[in-house]
Amino acid sequence: MKIPFLYKFRYIIISLVLFECAGINAQGPDPYGLMAKAGERLDTIEDYSVNVKIMVYVDYISIPPKDVSLYYKKPGKIRFVS
């Protein structure tokens, strides 16, 4: 059985398109670039405070829920107040 030329050409085009699409989906964002951008954004933070509620669910430990305030200052100082 002889396959006409147009059918061969169609299979070649379809396979090229599929290989190209597979290559596009396989590439992800650059992790080093993402970390560099995140580091730049974190460097702009001068101070920060947040209220946190900590609840621990462990079978053999009974700890009541805690309300904690977290404070952050630029050179890397972190303070917890409960």
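This is a predicted model: local features need pLDDT of at least 70, side-chain atom pairs count only at pLDDT 80 or more; totals for chains, interfaces and linings use all residues.
Residues are numbered from 1 along each chain as its sequence is written, and side-chain values use heavy atoms, with hydrogens and water left out.

The protein chain contains two helices and three strands, where helices (H or I, at least four residues) and strands (E, at least two) are DSSP runs numbered from the N terminus.

Strand 1 (residues 47-54) pairs with strand 2 (residues 66-73) in the antiparallel sense over eight bridges, pairing being assigned if DSSP finds at least two bridges between two strands. Within this pair, Ser49 stands opposite Tyr71 in strand 2. Strand 2 also pairs in the antiparallel sense with strand 3 (residues 77-81), over five bridges, and these two strands form a hairpin with three residues between them, in whose turn Gly76 has a positive phi of about 105 degrees.

Strand 2 also holds Ser69, which counts as buried because its relative accessibility is 16%; buried means under 20% relative accessible area, exposed over 50%, and partly exposed in between, for a 1.4 Å probe and protein chains only. The side chain of Ser69 makes a polar contact of 3.0 Å with that of Asn51 (a pair of N or O atoms within 3.5 Å; within protein, one must be able to donate a hydrogen and the other to accept it, and residues adjacent in sequence count only if both atoms are side-chain atoms). Leaving aside residues up to four places away in sequence, Ser69 touches Val50, Asn51, Arg79, Phe80 and Val81, a contact being heavy atoms within 4.5 Å.

The structure holds one salt bridge, defined as a side-chain nitrogen of Lys or Arg within 4 Å of a carboxyl oxygen of Asp or Glu. The side chains of Lys73 and Asp47 form this link at 3.9 Å, N to O. Because Lys73 lies in strand 2 and Asp47 in strand 1, the pair ties together parts that are 26 residues apart in sequence. Lys73 is partly exposed, with a relative accessible area of 49%, and Asp47 is also partly exposed, at 48%.

For the protein chain as a whole, buried residues make up 4% of its 82 residues.
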